[in-house]
Amino acid sequence: MRPRRAVRLLLSALAITAFTVSAAGPADAADGPGPSSAALPYIGDGHTYALVNSQTGDRLVARWYIPGQEDRQRVPFAMTSRSSQAGAWTFERYDGHPASFRLRNVDLRLCARPGQIDNQSAVTLGSCEDDASAWHAEPQDDGRWRRARFLADSTGQAMRPYSNASEQRVVLGPDSDLPLNWWSIALIRPNP
């Protein structure tokens, strides 16, 4: 083989390798559960959003649960509803990871977090000051954020309604492509 041709072949191989590496993008440092490198673009923008479940068409709302007659302590939790009352949320920055955020209910000023009600998985609402209130989101397959799955950083589980009926408690389940795991994000009020 002539030296010029060998050099051209070598340069072509290097160019193809460089293109392949840059097209693939940097490797994601996180293996397993945890935030991806793609951050939800609405984090910290100050706007108010509605989250609408793609399967049921119901909004994510905040409600109060009062367990048994003897224990009258109210527990705030998330559920789906056709009502828009207490259904406004903000995505606030969280310092644990650049793609993580806190999902704060505007009316109650509490954050969504993994919890339990009656010994069953539930998305409850509580303090926004600890790691349990951290979430991350995964966009739909084409990378656009019209729909997303919301995953608790602490468990890696997806937020979803208990079933596809209306007025359901929001629980945590396996992260999968099930329609119940997907939420549309709709702007309610822009930040003035």
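Good morning. The structure holds six aromatic pairs, a pair being two rings of Phe, Tyr or Trp (its six-membered ring) with centres within 6.5 Å, where planes under 30 degrees apart count as stacked, over 60 as edge-to-face and the rest as tilted. This is a predicted model, in which local features need pLDDT of at least 70 and side-chain atom pairs count only at pLDDT 80 or more, while totals for chains, interfaces and linings use all residues. Residues are numbered from 1 along each chain as its sequence is written, and side-chain values use heavy atoms, with hydrogens and water left out.

I begin with Phe-91. Phe-91 and Phe-101 form an edge-to-face pair, 5.3 Å centre to centre with 80 degrees between the planes. Phe-91 belongs to strand 4 (residues 89-93) and Phe-101 to strand 5 (residues 101-105), 10 residues apart; strands here are DSSP runs of E, at least two residues long, numbered from the N terminus. Both Phe-91 and Phe-101 are buried, that is, under 20% relative accessible area with a 1.4 Å probe and protein chains only.

Phe-91 also pairs with Phe-150, this time stacked, at 6.1 Å centre to centre and 15 degrees between the planes. Because Phe-91 lies in strand 4 and Phe-150 in strand 9 (residues 147-152), this pair ties together parts that are 59 residues apart in sequence. Phe-150 has a relative accessible area of 0% and is therefore buried. Ring pairs link Tyr-42, Tyr-49, Phe-91, Phe-101 and Phe-150 into a cluster.

Let us turn to strand 8. How many of the residues of strand 8 (residues 134-139) are buried? Six of its six residues are, with Ala-134, His-136 and Glu-138 on one side and Trp-135, Ala-137 and Pro-139 on the other. Strand 8 runs antiparallel to strand 5, joined by two bridges; pairing requires at least two bridges found by DSSP. Arg-102 stands opposite Ala-134 there. With strand 9, strand 8 pairs in the antiparallel sense over five bridges, and His-136 stands opposite Leu-151.

Finally, Asn-53, in strand 1 (residues 48-53). Asn-53 counts as buried because its relative accessibility is 1%. A polar atom of its side chain lies 2.9 Å from the backbone nitrogen of Gln-55, and a polar atom of the Asn-53 side chain lies 2.8 Å from the backbone oxygen of Leu-180. Not counting residues up to four places away in sequence, Asn-53 touches Asp-58, Pro-161, Pro-179, Leu-180, Trp-182 and Trp-183, with contact meaning heavy atoms within 4.5 Å. Thank you.

Conventions. Helices (H or I, at least four residues) and strands (E, at least two) are DSSP runs, numbered from the N terminus. Buried means under 20% relative accessible area, exposed over 50%, partly exposed in between (1.4 Å probe, protein chains only). A polar contact is a pair of N or O atoms within 3.5 Å; within protein, one must be able to donate a hydrogen and the other to accept it, and residues adjacent in sequence count only if both atoms are side-chain atoms.
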